[in-house]
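Welcome to a short tour of this structure. Please have a look at the sequence and the model below, and then read on.

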Amino acid sequence: MDLITDIILRAGRSAVELSLFVLLPIMVVMLSLMRLLEARGVLDWVVARLAPVLRPAGLTGLGVFAALQINFVSFAAPVATLTMMESRGASDRHLAATLAMVMAMAQANVTFPMAAMGLAFGPTLLLSVVGGLAAAAVTYHLFGRHLSAQESTMDETLHHRIADDAKGVLDVINRAGAEAFKIAVGAIPMLVLALVAVMILRLTGAIDLLTAVLAPGMLAVGLDPNLILPTLTKYIAGGTAYMGVMDEMLKNGTATVASLNASGGFLIHPLDVAGVAVLISAGRRVAQVWKPAALGALVGIAIRTVGHGLL
């Protein structure tokens with residue numbers, strides 16, 4: 001019993017340190033910046049310029065906004081945009097393309113904190129954009145070509161707060177800080193559970209056994225066998241849990257910055273059990289197109305994986 005208690009306390013300490021001393025300050029700064037740019041109309045200007053260029057890839061103006069959200073806010077931020085697209089009459093093909101793009105891109109709530117661990121942020125962001133656009137295009141033109149293209153006249157106005165004076169700026173910053181705090185504190189339970197599970201699996205020898213079985217195949221394709229644990233964690237418990245496990249592995253020397261960057265393409269994205277569950281909660285029609293969207297996302301993730309492997 002003392003051993004279990006010690007594991008829980010160590011996992012809790014690591015989870016709180018990662019959430020409050022790494023994730024929280026980074027998300028406060030980035031969310032404040034993004035919300036200020038949004039309130040000042042900068043993002044509206046960017047979306048208006050990019051939307052016509054990206055329409056052949058199956059993206060509308062709101063789809064472009066969803067791309068900015070996942071890359072610079074968090075993986076859950078596009079849920080509201082997907083809901084807005086559905087309620088405003090976007091076609092099923094456009095919904096599928098946008099969902100595929102979001103599932104293939106790197107989520108900001110993982111990339112920003114992991115940049116402090118050694119993740120190459122610039123290349124990760126570039127490959128995220130390339131993979132996401134590829135996922136949207138292949139979904140719109142291939143996997144989702146059978147979906148309905150009928151849509152209502154879309155109102156693509158972005159409704160958000162305005163910061164045209166000092167009071168407005170402070171209000172935006174306070175709200176961004178509260179949003180960042182909610183993200184950081186909300187990550188603690190999953191981090192604790194993931195770290196407890198990892199420590200118990202290591203204690204029982206299950207990880208060593210699994211690594212011994214899978215290592216030959218992974219080495220044959222040039223993958224680090226130490227990635228077995230973070231990969232299982234990511235696809236079952238999500239990106240935040242993966243981040244906690246990778247942080248712990250980097251600290252104890254069982255993972256390296258090189259392996260972190262090499263694996264970023266297939267491990268940093270919201271296409272996992274937890275991520276898909278959150279994203280399809282955006283609406284009934286969004287949930288109906290998740291299968292073609294997931295196939296398209298896999299193409300984008302494959303492109304990102306090759307790119308990260310070349311870093």
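## A first stop at Arg 10

Let us begin with Arg 10, which counts as partly exposed because its relative accessibility is 37%. The classes used here are buried (under 20% relative accessible area), exposed (over 50%) and partly exposed (in between), found with a 1.4 Å probe and counting protein chains only. Asp 6 is also partly exposed, at 36%.

Arg 10 and Asp 6 form a salt bridge, and their closest N and O atoms lie 3.1 Å apart. A salt bridge here is a side-chain nitrogen of Lys or Arg within 4 Å of a carboxyl oxygen of Asp or Glu. The two residues are 4 residues apart in helix 1 (residues 2-39), so about one helical turn separates them. Helices are DSSP runs of H or I with at least four residues, and strands are runs of E with at least two, numbered from the N terminus.

## How to read the model

This is a predicted model, in which local features need pLDDT of at least 70 and side-chain atom pairs count only at pLDDT 80 or more, while totals for chains, interfaces and linings use all residues. Residues are numbered from 1 along each chain as its sequence is written, and side-chain values use heavy atoms, leaving out hydrogens and water.

How many salt bridges does the structure hold? There are 5. One of them joins the side chains of Asp 171 and Arg 175, at 3.4 Å from N to O. Both partners sit in helix 8 (residues 166-204), 4 residues apart, so they are separated by about one helical turn. Asp 171 is partly exposed, with a relative accessible area of 28%, and Arg 175 is partly exposed at 44%.

Another salt bridge links Asp 247 and Lys 251, at 3.3 Å from N to O. These residues are 4 residues apart in helix 11 (residues 239-252), about one helical turn. Is Asp 247 buried or exposed? Asp 247 is buried, because its relative accessible area is 12%, whereas Lys 251 counts as exposed at 58%.

## A closer look at helix 11

Helix 11 has 14 residues and spans 20 Å from its first C-alpha to its last, close to the 20 Å expected at 1.5 Å a residue. That expected span is 1.5 Å times one less than the number of residues. The helix is mostly covered, with 11 of its 14 residues buried. Among them are Gly 239, Tyr 242, Val 245 and Met 249. Just after helix 11, Gly 253 takes a positive phi of about 85 degrees.

## A nonpolar patch

Leu 209, Leu 210, Val 213, Leu 214, Leu 232 and Ile 236 make a nonpolar surface patch of about 550 Å². Helix 9 (206-220) and helix 10 (228-237) are the elements that give two or more residues to the patch, and helix 9 gives the most, with 4 residues. Patches consist of residues with over 30% relative accessible area and no salt bridge; like charges are joined within 9 Å, and nonpolar side chains (Val, Leu, Ile, Met, Phe, Trp, Tyr) within 5 Å. Accessible areas come from the Shrake-Rupley method with a 1.4 Å probe, and for residues only the protein chains shown count as cover.

Leu 232 belongs to helix 10 and is partly exposed, with a relative accessible area of 40%.

## Last stop: Gly 307

Gly 307 is found in helix 16 (residues 290-309). At 16% relative accessibility, Gly 307 counts as buried. Gly 307 and Val 130 are 177 residues apart in sequence, and their C-alpha atoms are 9.7 Å apart in space.
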